[in-house]
Amino acid sequence: MKRRVAVLISGRGSNMRSLLAACADAAFPAEIVQVLSNVPAAPGLAAAADAGIATAVVDHRRFGRDRAAHEAAVQAVLHGAGAEVVCLAGYGRLLTPYLVGLWQGRMLNIHPSLLPAFPGLRTHERALAAGAKLHGCTVHVVTEATDEGPILAQAAVPVLPGDDADRLAARVLAAEHRLYPAALAAFIRGDAAPAPAGAVLFNPLPGSAGSD
Ligand code: GRF
């Protein structure tokens with residue numbers, strides 16, 4: 001049985017589209033039942049709607065500084081969709097402990113660096129400035145500390161002579177599009193053991209081990 005996944009986006013949604021493409025395979029253990037954006041004009045929303053996926057906008061600007069109210073509205077959509085797993089895919093909001101706690105062990109994120117290197121923003125610029133020879137992307141379980149949750153999967157790409165941030169970002173993004181579906185599938189099947197040991201916050205989905 002496919003697990004019901006909601007994807008949270010804020011922008012172009014290319015990772016969401018890679019997940020959507022993977023879900024089209026009958027053997028893939030997930031289906032996307034909801035795409036939600038905090039940005040009404042996010043291009044990824046149209047792509048999701050074109051694919052026949054339910055979309056929702058919960059514009060954070062309507063809630064002013066009340067992050068809890070915004071997240072409660074997001075949660076209402078996730079709950080209404082019957083989501084079992086949430087994938088952050090370029091979601092540009094820092095989450096509070098409220099939403100992270102509700103989805104503990106069931107919310108994943110993709111980050112454009114080889115964590116723990118370069119958490120936060122402008123990862124490609126910072127990797128170039130640091131003289132890194134390898135860069136890449138990470139899928140991790142979301143915890144309260146931004147970009148610090150247990151790592152599920154990583155993909156490395158080389159930093160090549162003459163790279164600028166855009167060229168490097170494009171190489172990383174291509175790796176992201178392969179990594180996120182693979183990591184999600186492994187997570188759902190119970191094959192992805194989070195690291196590091198000793199800080200395991202991972203709760204396998206009930207009844208997920210070894211099943212589709
Ligand atoms: C990706 O680089 C992802 O790693 C980061 O935000 C970007 C989102 O891109 N969290 P897209 O919207 O999936 O195209």
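User: Which element gives the most to the lining of the largest cavity?

Analyst: Please bear in mind that this is a predicted model. As a general idea, rolling a probe the size of a water molecule over the atoms shows where empty space is left. In the present case, helix α3 contributes most to the lining of the largest cavity, with 3 residues. The lining consists of R67, H70, E71, Y91, R93, L94, L95 and L99.

User: How many cavities of 30 Å³ or more are there, and how much space lies in the largest cavity?

Analyst: The count is 1 cavity of 30 Å³ or more, and about 50 Å³ of space lies in the largest cavity. By class, its lining divides into 4 nonpolar, 1 polar and 3 charged residues.

User: Where is E71 found, and what does E71 touch?

Analyst: E71 sits in helix α3, which covers residues 67–80. The general idea for helices is that an α-helix has 3.6 residues a turn, so residues three or four places apart point the same way. Setting aside residues up to four places away in sequence, E71 touches L94, L95, T96, Y98 and L99. L94, L95 and L99 also line the largest cavity, as does E71 itself.

User: What is the nearest side chain of opposite charge to E71, and how far away is it?

Analyst: The nearest such side chain is that of R67, 5.6 Å away. A salt bridge requires a side-chain nitrogen of Lys or Arg within 4 Å of a carboxyl oxygen of Asp or Glu. E71 is buried yet has no salt bridge. R67 is also among the residues that line the largest cavity.

User: How many salt bridges does a search of the whole structure find?

Analyst: The search finds 6 salt bridges. One of them joins the side chains of R3 and E84, at 2.7 Å from N to O. That pair links distant parts of the chain: R3 belongs to strand β1 (residues 3–9), while E84 lies in the loop between α3 and β4 (85–88), 81 residues away.

User: Are R3 and E84 buried or exposed?

Analyst: The general idea is to read the relative accessible area of each residue, where buried means under 20%. R3 is buried because its relative accessible area is 11%. E84 likewise counts as buried, because its relative accessibility is 19%.

User: What does D163 pair with?

Analyst: D163 forms a salt bridge with R167, where the closest N and O atoms are 3.7 Å apart. Salt bridges that share partners join D163, R167 and R171 into one network. Within it, D163 counts as buried at 12% relative accessibility, and R167 as partly exposed at 47%.

User: What is the volume of the largest pocket, and which residues lie nearest its centre?

Analyst: A pocket, unlike a cavity, is an open set of points. The largest pocket here has a volume of about 940 Å³. Its lining has 38 residues, and G90, Y91, I110, P112 and L121 lie nearest the centre. The elements that give two or more residues to this lining are α1 (14–23), β5 (107–111), α5 (123–129) and α6 (165–189). Of these, α6 gives the most, with 6 residues. By class, the lining has 15 nonpolar, 15 polar and 8 charged residues.

User: How many residues of α1 are buried, and what covers them?

Analyst: In α1, 8 of the 10 residues are buried, so the helix is mostly covered by the under-20% criterion. Among the buried residues are S14, N15, M16 and S18. The cover includes β1, β2 (30–37), α2 (43–50), β4, β5 and α6.

User: Where does H124 lie, and which residues is H124 in contact with?

Analyst: H124 lies in helix α5 and counts as buried at 12% relative accessibility. Leaving aside neighbours within four places in sequence, H124 is in contact with P112, H135, A165, L168, A169 and V172. Of these contacts, P112 is one of the residues nearest the centre of the largest pocket.

Terms used. Residues numbered from 1 in each chain as written. Predicted model: local features only at pLDDT ≥ 70, side-chain atom pairs only at ≥ 80, totals over all residues. Heavy atoms only, no water. Helix = DSSP H or I, 4+ residues; strand = E, 2+ residues; numbered from the N terminus. Buried < 20%, exposed > 50% of the residue type's maximum accessible area, 1.4 Å probe, protein only. Lys, Arg positive; Asp, Glu negative; His and termini not counted. Contact = heavy atoms within 4.5 Å. 1 Å grid on protein atoms, 1.4 Å probe; cavity = no way out; pocket = protein on both sides within 12 Å on 5 of 7 lines; lining within 4 Å. Points joined across faces, edges and corners; volume = space filled by probe spheres on them. Nonpolar A, V, L, I, M, F, W, Y, C, P; charged D, E, K, R; others polar.
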